[in-house]
Amino acid sequence: MADSKEKRDQSPGDGDAATTVLDEQQALRTCIEERDKYLDLLQRTRAEFENYQKRIQRDLAQERRYAHGAFAAELLPVIDNLDRATQAAKQAGETGPLVQGVAMVQGQLLEILKRHGITPITALGQPFDPNYHQAVTQQPTADQPPNTVAHVLQQGFMLHDRVLRPASVIVSKALE
């Protein structure tokens, strides 16, 4: 027991105290470095998550904006058939109530599509643009400048700012 009392009475040397302080300072620096590393990781993760949320919101808005595109694309042949019916009636000289009714139905359908952002592409007389027009053939003409839409074979449609279906057209070319 006397040995343990002697050990307690001995004070630690100055070298031991300096080593302890240096060890504590090193441990503090290590803790600060770890804290900074985790803080940086937290800030990066938070920024990535905020960017992810913004991207998801943007994607959802785009999806909602163009969601009915496939349905509208399936309706376009119906519009084409109504247009063919009215054109055939006009060529036959028909103007009766049936022709007027078909034209009214076509107008109503086009109005409904317009309310949902689906609009016809204006092509006739416009310069040919491969982004909006699909050229079926070229035709020499003196009536219009070259590379102008001379005739529309099938009406094209836009869904907001995207082409739902390009207009099938005949493009003018210079007389030879």
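This is a walk through the model, one selection at a time.

Before you click, note that the model is predicted, so local features need pLDDT of at least 70, side-chain atom pairs count only at pLDDT 80 or more, and totals for chains, interfaces and linings use all residues. Residues are numbered from 1 along each chain as its sequence is written, and side-chain values use heavy atoms, with hydrogens and water left out.

**Stop 1: the core**

Select Y66, A72, L76, I79, L82, L109, L113, I118, F157 and L159: these 10 residues form the largest nonpolar core. Such a core is a set of buried Ala, Val, Leu, Ile, Met, Phe, Trp, Tyr and Cys residues joined through side-chain atoms within 4.5 Å. "Buried" means under 20% relative accessible area, "exposed" over 50%, and "partly exposed" in between, using a 1.4 Å probe and protein chains only.

Now colour α3 (69-91), α4 (97-115) and β4 (157-159), the elements that give two or more residues to this core. The largest share, 4 residues, comes from α3. Helices here are DSSP runs of H or I with at least four residues, strands are runs of E with at least two, and both are numbered from the N terminus.

Zoom in on L82. Leaving aside residues up to four places away in sequence, L82 touches V102, V105, Q106 and L109, where contact means heavy atoms within 4.5 Å. Apart from this core lies another one of 5 residues, including A123, A167, V169 and V171.

**Stop 2: the three-stranded sheet**

Show β1, β4 and β5 next: they make an open sheet in the order β1-β4-β5, with antiparallel pairing. Two strands count as paired if DSSP finds at least two bridges between them. β1 (118-120) and β5 (162-165) are the edges, and each has a single partner strand, so one side of each is left without a neighbour in the sheet.

β1 and β4 are joined by 3 bridges.

**Stop 3**

Select H133, which sits in strand β2 (residues 133-140). Is H133 buried or exposed? At 6% relative accessibility, H133 counts as buried. Among the residues that H133 touches, beyond four places in sequence, are F128, V149, P166 and A167.

β2 pairs with β6 in the parallel sense over 7 bridges; look for Q139 and its bridge partner in β6, S172. On β6 (residues 167-173), 6 of the 7 residues are buried, so this strand is largely enclosed by the rest of the structure. β3 runs antiparallel to β6, with 4 bridges between them, and Q154 stands opposite S168 in β6.

**Stop 4**

Most residues other than glycine have a negative phi. Which way does phi go at N147? Phi of N147 is positive, about 65°. N147 is in the loop between β2 and β3 and is partly exposed, at 45% relative accessibility.

H160 also has a positive phi, near 55°. You will find H160 in the loop between β4 and β5, partly exposed with a relative accessible area of 30%.
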